[in-house]
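This report describes a protein model, beginning with the terms on which the description rests. Please keep the sequence and the model in view while reading.

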Amino acid sequence: MWPTLVANKIFKKRLGSSNFIADYPSYKEPLLGIVDIDQNSKTILNDHKDSHKYKVFVSTWNVGGIAPDEDLNIDDLLETCNNSCDIYILGFQEIVPLKASNVLGSENNEISMKWNSIIREALNKKITHQRDKDAKKQELKNNFPNKKENPAKCCDAPHDFQCIISKQMVGLFISVWIRRDLCPFIRHPSVSCVGCGIMGCLGNKGSISVRFQLHETSFCFVCSHLASGGREGDEKHRNSNVAEIFSRTSFPRGPLLDLPRTILDHEISLPEETTRLLVEKRDWDSLLENDQLIMELMSGNMLRGWHEGAIKFAPTYKYCPNSDIYYGCCYHGKKAEKRRAPAWCDRIVWCGEGLKQLQYTRIESKLSDHRPVKAMFIAEVRVLPELMKNLQSLFLSERYEQIKTPFEVSTTEDFVNRKRSSFRL
């Protein structure tokens with residue numbers, strides 16, 4: 001078994017752009033996708049310049065090969081009760097130890113499924129709380145029918161979040177979640193994995209890129225784990241990794257051959273990623289003057305046109321286990337010789353029009369020697385007004401339930417030939 005697996009990885013054999021896990025596999029070629037067949041949609045788009053604004057959450061977290069407990073609380077990371085978003089993208093590095101059996105062997109998705117369960121519970125926890133509040137509210141109303149309700153204490157209706165893409169490559173893992181009511185407007189979900197670790201091709205380093213289209217705007221998210229090291233010249237290895245990721249990441253062009261094929265073709269893209277005295281003084285500006293990523297963004301060599309929010313938080317790496325102390329400060333003797341300067345190894349950068357960054361910060365979880373980093377954005381998404389209105393009413397109607405089953409068991413081509421006229425607007 002191993003020789004075949006290793007050969008496939010060495011020769012960079014693709015597993016397919018649709019080889020990912022989702023709550024609704026039928027969304028890989030969704031019902032709304034038939035709009036692409038109708039050329040009139042482009043005319044409609046040109047005539048109507050309407051747009052919607054959606055709140056997007058992005059995080060990156062190197063968990064150092066430590067499996068999460070089932071009761072791990074990530075409420076502080078997601079902030080679902082205080083600041084709910086429409087789309088959640090969570091990128092992880094080293095969800096499994098980077099040992100030979102994991103790098104060369106078949107993918108074990110037990111840990112990634114555990115992370116998805118934790119994410120699902122955290123995102124949808126508000127629904128359970130809301131149901132409890134509704135029950136209590138109804139009980140109070142029955143017991144005190146004349147008591148007026150305080151509108152300030154009423155919560156907004158909660159949203160049910162569904163996973164539209166979930167993909168693992170060795171220790172890399174990315175999970176994309178979206179409000180259930182937006183799922184019918186998701187098209188062309190796809191993944192592309194690039195390994196650039198051992199022998200330049202194995203997945204201990206590299207990236208997982210995911211793309212999808214929401215209404216008429218394409219999104220691409222890249223979860224990457226680049227070459228490590230703080231010595232002079234190590235940044236060249238990381239630049240080489242970025243070049244490999246840009247050149248080798250590829251998505252299908254779609255039925256009309258008009259979809260973005262590379263990372264930089266997309267309208268909105270987001271990938272992830274000195275002295276102790278300055279750290280103790282919390283003098284981040286002085287430390288960041290020599291930051292390699294900032295210098296790369298300014299020079300525009302590999303990351304021309306990319307941006308990063310202002311860093312106002314402490315370096316995220318490397319910490320002693322289950323501690324707030326940086327590695328090297330908590331050891332004596334031989335281990336103390338391995339002191340390494342704290343660094344901002346966990347970053348979120350972005351490019352594209354229609355994006356506004358609202359937040360960029362770290363979270364104080366002690367699960368691993370890294371601290372998770374998160375960012376929040378407002379994304380402006382182009383929509384087709386009449387199409388959106390009609391299809392929303394369709395998906396909320398009984399007709400959708402009647403056509404959903406035959407659609408799921410039919411091929412896209414047969415469906416378009418037999419059912420297309422049902423959706424012309």
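## Terms and basis

Buried means under 20% relative accessible area, exposed over 50%, and partly exposed in between, with a 1.4 Å probe and protein chains only. Helices (H or I, at least four residues) and strands (E, at least two) are DSSP runs, numbered from the N terminus.

This is a predicted model, in which local features need pLDDT of at least 70 and side-chain atom pairs count only at pLDDT 80 or more, while totals for chains, interfaces and linings use all residues. Residues are numbered from 1 along each chain as its sequence is written, and side-chain values use heavy atoms, with hydrogens and water left out.

## An enclosed strand

The protein has twelve helices and eleven strands, and buried residues account for 47% of its 425 residues. In strand β7 (residues 217–225), nine of the nine residues are buried, so the strand is largely enclosed by the rest of the structure.

Strand β6 (residues 206–214) runs antiparallel to β7 and is joined to it by nine bridges, with R211 opposite C220 in β7. The two strands form a hairpin with two residues between them, and H215 in the turn has a positive phi of about 55°.

## The six-stranded sheet

Six strands form an open sheet of mixed pairing in the order β3-β4-β2-β1-β11-β10, where pairing requires that DSSP find at least two bridges between two strands. The edge strands, β3 (161–169) and β10 (355–362), each pair on one side only.

Within this sheet, strand β1 (residues 51–62) pairs with strand β11 (residues 373–382) in the antiparallel sense over ten bridges, and S59 stands opposite K374 in β11.
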